[in-house]
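This report describes selected features of a single protein model.

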Amino acid sequence: MQLTDSHGRTINYLRLSVTDRCNMRCFYCMPKEGIVNKGHGAVLRYEELLLIAETAVGLGIEKIRITGGEPLVRSGIIGFLEKLALIPGLRHLALTTNGLLLEKLATDLHTAGVQRLNVSLDSLQPQIFSSITRGGDLQRVLAGLDAAEQAGFPPPKLNCVIMRGINDGEILDFVEMTRTRGNSIRFIEYMPAMKEADWQRYSIPGEEILQRIAAHHTLETIDKGPYAGPSRDFRIPGAQGSIGIITAVSGHFCSECNRIRVTSTGQAKGCLFSDERTDLMPWLRPPDRVGLAEVLKGIVSSKPERHDISQAGYTHKNFTMSQVGG
Ligand code: SAM
Ligand code: SF4
C-alpha cells in the first residue's frame, strides 16, 4: 500500500514524538524554564503510540523516527521500541536523541531493534555547546557517540543547526568528522519556531553553508536512500560519512517532503509550519483503528503543498520544536 498526498508526493515517513520533556534546554528549541507540565493523561500512553504506529504502517508508512523532547528521558522507552520494531511492514526504525543518555542506553536501543541513531550536536567546543544547550555536557554526548558504535550501530548521523555568530565557525570541523569518524552530518537551517525577535540574525542559508564547504573541499553529489526526504547530500571523495544540507527555511524543500508528524499529546501535523493540526485523541480513547486510519489518510491528503516561512509577512502560531519533535 502506498500513501500519496494530493500533490503527488509519496508519504512513507512518520515522526512520532514520545515526550515533550527534555534534559537539555537548547535556546532555539525550548524556553529556559522548560515546558509547562501537561496534566495527567495528556501525554499518549505507549499502547496509544503503538496503535498510531501500527495504523500508519498499515497505510503505507515504512519509516518511523522516534523523537521528542528527548525520547530517552521517558521511562519504559526500551520496551516500547521493542514492540515498535516488531510491527510487520515497518522497514526502518530510527531515533533522534541529544545523546546525553546514550552511553547508558546504546546497547539496549540496539537490542530493541532501533536501526539508526541521529544525534543532535551543534558544537564541538565545550563552552559553545554548553551555551547553546544551556548547560549540556559535550563530553557525555561524545561518549554516547562512541557507545553507540560499540553497541553495533553505524556511526550516528549528526544533526547540526548552524547559526551565524554562534557555531558557524565550526562548519569545517564537522565536515572533517565525515572523514575521521565516519559520521554523516546534516546541517539544518535555523528555524524560527518561537519567532524570536530578529531571528534572521542567526539564519544562514543552506547555500552559503555549502559554498563555505566547497571553498575547501571537492564535493560529489550522492544518491539519497528512499526515506531520506528533503536534504541534499554530498560527500568528500573517499570519506565514509556524507554531508547533508536541509534548507528548511530558504526553500527547495517542500516538493520532496515525505513525512507526517504526531506529537506526544496526539496532535497530528501534515506540515511542521502549518497551524493545522488534528487531535487524534477521539480515535485513541477508546481505540478505533478504522476511524484512526481514515483520519490519518485525511491528514496525508490535505498536506499543504509548501510552507512560506521565508516570505515577508508570513505568520504561524508560536510553538516550541520540543513539543512537535523537530
Ligand atoms: N531531543 C532530541 C534531539 O535534540 O535530537 C530530539 C528532539 S529535537 C526537537 C529534534 C531536532 O530538532 C534536533 O536535531 C534539533 O536540533 C532540531 N531543532 C529544534 N529546534 C530547532 C530550530 N529552531 N531550528 C532548527 N532545528 C531545530
Ligand atoms: Fe531538548 Fe532536543 Fe530541543 Fe535540545 S533540541 S532542547 S535536546 S528537545
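In this predicted model, asparagine 159 places a polar side-chain atom 3.3 Å from an oxygen atom of ligand 1. Two further polar approaches to ligand 1 are listed with it below.

| Residue | Protein atom | Ligand 1 atom | Distance |
|---|---|---|---|
| Asparagine 159 | polar side-chain atom | oxygen | 3.3 Å |
| Serine 120 | polar side-chain atom | oxygen | 2.5 Å |
| Methionine 191 | backbone N or O atom | nitrogen | 2.7 Å |

Of the 550 Å² of accessible area that ligand 1 has on its own, the protein covers 95%. The shell comprises 18 residues, and the closest are Tyr28, Gly69, Thr96, Ser120 and Met191. Sorted by class, ten residues of this shell are polar, six are nonpolar and two are charged.

Ligand 2 has its own set of neighbours: Cys22, Met24, Cys26, Cys29, Gly69 and Asn98. Gly69 therefore belongs to the surroundings of both ligands, because a residue counts as near a molecule if one of its heavy atoms lies within 4 Å of it. By class, the shell around ligand 2 holds four nonpolar and two polar residues, with no charged residue.

Attention now turns to the packing of two helices. Helix α1 (residues 46-59) packs against helix α8 (residues 289-301) at an angle of about 65°, and the two axes are 10 Å apart. The crossing of α1 past α8 is right-handed. On the α1 side, the contact is made by Leu51, Ile52, Glu54, Thr55, Ala56 and Leu59, while α8 contributes Arg289, Leu292, Ala293, Leu296 and Lys297. These contact residues divide into seven nonpolar, three charged and one polar.

Two details of the backbone complete the account. Which form does the peptide bond from arginine 285 to proline 286 take, cis or trans? This bond is cis, with omega near 0°. Proline 286 is located in the loop that lies between β12 (278-279) and α8, the helix that also packs against α1.

The second detail concerns arginine 134, a residue other than glycine whose phi is positive, with a value near 55°. Arginine 134 is found in the loop between helix α4 (126-133) and helix α5 (138-150).

Methods
Residues numbered from 1 in each chain as written. Chains lettered and ligands numbered in written order. Predicted model: local features only at pLDDT ≥ 70, side-chain atom pairs only at ≥ 80, totals over all residues. Heavy atoms only, no water. Polar contact = N/O pair within 3.5 Å; in protein donor to acceptor, adjacent residues only side chain to side chain. Areas by Shrake-Rupley, 256 points an atom, 1.4 Å probe, with all protein chains shown as cover. Nonpolar A, V, L, I, M, F, W, Y, C, P; charged D, E, K, R; others polar. Axes fitted to C-alpha atoms, helices over the stretch in contact; angles between N-to-C directions. Helix = DSSP H or I, 4+ residues; strand = E, 2+ residues; numbered from the N terminus. Left-handed = near helix turned anticlockwise from the far one by under 90°. Contact = heavy atoms within 4.5 Å.
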